[in-house]
Amino acid sequence: MRRRLLSLILIWIFISTSNLYAQVRSPQLGKNSVAEVIAAMTTEEKARLVVGMGFVFPHPSLQTEEDRNTPEKVLGAAGRTHAIPRLGIPSLTFADGPAGVRINAVRGRDTSHTYYATGFPIATLLASSWDTDLVSRVGVAMGSEVRDYGIDILLAPGMNIHRNPLGGRNFEYYSEDPLIAGKIAAAFVKGVQSNGVGTSIKHFAANNQEFNRFQSNSIVSERALREIYLKGFEIAVRDAQPWAVMSSYNRINGIPASERSDLLTTILRGEWGFKGIVMSDWWGGTDAILQMQAGNDLLMPGTVLQTQAIIKAVNEGVLSKKTLDQNVEHILNMILQTPSFRGSKYSDQPDLKANADIARQAATEGMVLLKNDNGALPLASPGKIALFGNASYDLIAGGTGSGNVNKKYVISLDQGLLNARYRIDESFRKSYLRFMDEQKEKRPKVDAFRLPPPIAEMAVDANQLEQLARDADAAVLTIGRNSGEFADRKVDNDFNLTATEQTLIQNVANAFHGKGKKVVVVLNVGGPIEIASWRSSVDAVLLAWQPGQEGGNAVVDVLTGKVNPSGRLATTFPMSYSDVPSAKTFPGKELPGVAPSGLNPFGDKPSESTYDEGIYVGYRYYETFGVKPAYEFGYGLSYTKFSYGNLKLSSDKFLVVTASVPVTNNGKVSGKEVVQLYVSAPKQGLSKPALELKAFAKTRLLKPGESQTISFTLSPKDLASFDPASSSWIVDPGAYTIKVGASSSQIKRSASVNVAKQIVVQKSQKLLAPTVSLKELNP
Ligand code: BGC
């Protein structure tokens with residue numbers, strides 16, 4: 001017995017000293033310098049570090065046996081990096097996405113502990129709050145779940161521009177305007193990262209559609225890229241230093257974004273000072289070596305082919321050691337900040353209750369009241385509501401694909417009304433639930449990532465309608481839309497209402513108006529739909545977006561006036577789809593030939609989309625070309641009224657100017673106003689939009705009669721345009737009109753400042769230029 005004990009002790013001493021020896025021999029990340037760790041790495045280890053792992057679908061054979069068998073730390077997370085234990089390098093875990101942490105809620109058969117995450121409102125709703133403090137609070141809450149679930153980087157925010165209302169992932173993005181997208185993203189990133197975890201802003205860049213998304217070429221001018229499609233990313237990088245940037249799938253002027261060193265290195269790192277890592281989108285790009293050379297540090301989710309190609313290229317001198325070391329250095333510097341490196345303990349128990357409260361509050365702040373005739377809203381309380389529309393009973397909390405969240409529950413609108421002690425017709429409710437169940441059964445089955453076809457609206461017969469109109473105090477009717485990865489939306493039966501929706505609206509309106517009762521439409525959508533043809537039939541329209549898991553409660557908070565709506569459109573609602581400046585070129589055309597090599601997991605065809613509207617995207621187009629939208633950028637009603645006092649400028653000559661304006665609540669209830677500052681540039685030099693948003697702020701909750709003075713400071717960079725001839729940001733001389741208002745067309749006050757002579761704000765070089773000639777729209 002004693003001899004056995006002695007030999008066990010000897011074995012233990014041997015194991016621990018040999019471990020110690022190995023550790024003494026190899027430098028350790030954190031203890032030794034990053035340079036020393038890199039010097040100790042073999043080419044194989046470097047190649048393992050720059051190629052990720054952890055997502056088997058759809059190519060299991062492209063992962064090594066070892067990777068396939070390495071247990072996942074967080075089930076359902078989108079991907080991981082390889083650990084190199086001998087050098088003290090841990091594996092990192094990345095999870096989506098913009099509306100909350102997307103991981104599996106249940107792990108295997110064990111249901112004793114669940115891993116639900118809060119379903120926050122979609123990004124488009126958050127941006128419609130025009131409230132950076134609020135978005136930062138959402139970021140803090142979401143980031144706490146990233147931390148509590150042991151994840152290192154959240155694959156969010158998505159911040160591509162709403163180039164066209166049909167973009168299938170627009171709901172994951174903020175706005176048609178890069179200033180809003182940039183400022184809201186920066187606030188979100190700071191909030192998330194305050195938890196000691198990272199973000200990966202995505203998808204960099206000009207990734208504005210889902211059609212053939214792995215193979216589509218965005219043909220865009222340098223000016224439109226700089227001013228519209230890169231600007232938001234620039235603001236987020238400069239203001240918030242995200243830990244990571246995710247390069248996009250698409251090509252930009254012929255070359256995959258993840259293979260463009262002008263984008264990922266010269267502009268991102270050189271001009272903007274980005275310090276983090278660049279990761280590819282999942283299976284993005286065609287050539288691992290070109291990606292490495294471009295500065296796409298990490299290939300996600302990684303394949304064994306990429307690892308082998310990198311090792312071979314280094315051995316044959318095709319990929320320089322210096323380039324690979326640079327990518328490795330970026331990754332190691334980032335790893336040093338992560339919870340996995342710090343060995344942080346995590347609870348697996350986020351505060352879902354507190355975060356649900358934040359989700360509900362945020363949802364109410366980003367809803368936009370589009371129409372409210374004769375005080376139809378707020379609803380009288382407590383009352384009886386006749387509730388129509390499939391989405392009333394099956395609220396769409398958010399979009400599908402990687403922007404989805406496995407949340408514990410979704411509060412529907414019927415539930416929200418009941419929670420607020422409104423009454424609804426129980427047997428009518430049951431008939432909706434039965435109808436939805438039956439229809440869902442009949443739908444074709446699709447995988448978890450795809451969107452099942454929508455269910456046509458339930459027909460309500462005339463007698464029933466008559467009875468409901470007699471019994472209820474008002475009608476609330478919800479129109480629902482969903483979309484997600486892999487597909488863009490369509491014009492018919494999506495942007496435009498379906499025939500059954502039009503009929504339902506007209507029938508409900510006739511029945512309720514016949515009894516002198518109001519009809520309220522709730523839009524439970526991820527992006528614009530056509531409104532002009534039916535809005536005159538109803539009394540009020542509330543744009544609730546896809547409001548997250550607390551949606552039903554949040555809609556009711558606004559319908560009842562518990563919260564006064566203060567959301568404003570950050571994306572225009574056009575009169576008709578044909579009015580959209582990119583209507584003819586979105587989503588582009590397929591090209592003859594087969595897709596080039598690379599992974600192309602979904603068989604996408606080569607295609608291209610020509611951005612010939614140039615910088616005239618969204619309100620920049622509608623306001624400049626005099627095309628009246630249904631609801632303009634910046635628009636939104638309140639249950640109160642605001643007035644604007646005199647606009648004061650600190651100087652009438654420009655270098656730095658502070659503009660201030662007092663805003664007063666002149667109505668009967670408390671409310672918040674979104675104050676928007678636009679600038680109209682002189683008509684000389686480069687062609688300019690009629691006006692451009694240059695600053696915005698939301699007031700605090702103002703009581704009736706209360707005022708707040710809002711101040712904005714503008715410096716030359718705010719007024720600069722990108723001049724492709726000199727590859728520089730310049731401010732042309734002349735008179736600039738500073739306009740303060742409540743939307744792009746409701747300007748309340750204006751004043752002018754003079755720029756004496758041209759200012760060159762920043763000099764760049766010719767980068768990202770199209771290789772074909774582009775005929776851009778010009779006023
Ligand atoms: C999406 C990314 C996402 C990634 C990981 C890709 O298909 O485009 O936005 O972060 O998958 O789930």
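Predicted model: local features only at pLDDT ≥ 70, side-chain atom pairs only at ≥ 80, totals over all residues.
Trainee: Why is serine 744 called buried?
Mentor: Its relative accessibility is 2%, so serine 744 counts as buried. Buried means under 20% relative accessible area, exposed means over 50%, and partly exposed is in between, with a 1.4 Å probe and protein chains only. Residues are numbered from 1 along each chain as its sequence is written, and side-chain values use heavy atoms, without hydrogens or water.

Trainee: Where does serine 744 lie, and what is it in contact with?
Mentor: Serine 744 is in the loop between strand E26 (734-741) and strand E27 (747-755). Helices (H or I, at least four residues) and strands (E, at least two) are DSSP runs, numbered from the N terminus. Neighbours within four places in sequence aside, serine 744 touches Tyr619, Glu623, Glu632, Phe633, Gln676, Tyr678 and Leu691. Contact here means heavy atoms within 4.5 Å.

Trainee: What class does aspartate 239 fall in: buried, partly exposed or exposed?
Mentor: Partly exposed, because its relative accessibility is 34%. Aspartate 239 sits in helix H9 (residues 231-240). Its contacts beyond four places in sequence are Lys183, Ala186 and Lys190.

Trainee: What makes the pair of aspartate 239 and lysine 183 a polar contact?
Mentor: Their side chains come to 3.3 Å. A polar contact is a pair of N or O atoms within 3.5 Å; within protein, one must be able to donate a hydrogen and the other to accept it, and residues adjacent in sequence count only if both atoms are side-chain atoms. The pair therefore qualifies.

Trainee: Which residues come nearest to the ligand?
Mentor: Asp96, Arg169, His203, Asp281 and Glu485, out of 14 residues around it. A residue is near if one of its heavy atoms lies within 4 Å of the molecule or strand in question.

Trainee: How is the shell divided by class?
Mentor: There are 5 nonpolar, 2 polar and 7 charged residues. Ala, Val, Leu, Ile, Met, Phe, Trp, Tyr, Cys and Pro count as nonpolar, Asp, Glu, Lys and Arg as charged, and the others, Gly among them, as polar.

Trainee: Why is tyrosine 249 counted as buried?
Mentor: Its relative accessibility is 4%, so it is buried. Tyrosine 249 lies in the loop between strand E6 (244-247) and strand E7 (251-252). Its side chain makes a polar contact of 3.3 Å with the side chain of aspartate 281. It also reaches the backbone oxygen of tryptophan 282 at 2.9 Å.

Trainee: What sort of peptide bond joins aspartate 96 and glycine 97?
Mentor: A cis bond, with omega about 0 degrees. Lysine 202 and histidine 203 are also joined by a cis bond, with omega about -5 degrees. Histidine 203 belongs to strand E4 (residues 198-204).

Trainee: How do you know that the span of helix H15 agrees with expectation?
Mentor: H15 (residues 352-366) has 15 residues. The expected span is 1.5 Å times one less than the number of residues. That gives 21 Å, and the end C-alpha atoms are 21 Å apart, so the two agree.

Trainee: Which elements do the buried residues of H15 pack against?
Mentor: Helix H5 (123-128), helix H6 (132-148), strand E10 (368-372), helix H22 (551-559) and strand E22 (692-698). Among the buried residues are Asn355, Ala359 and Ala363.
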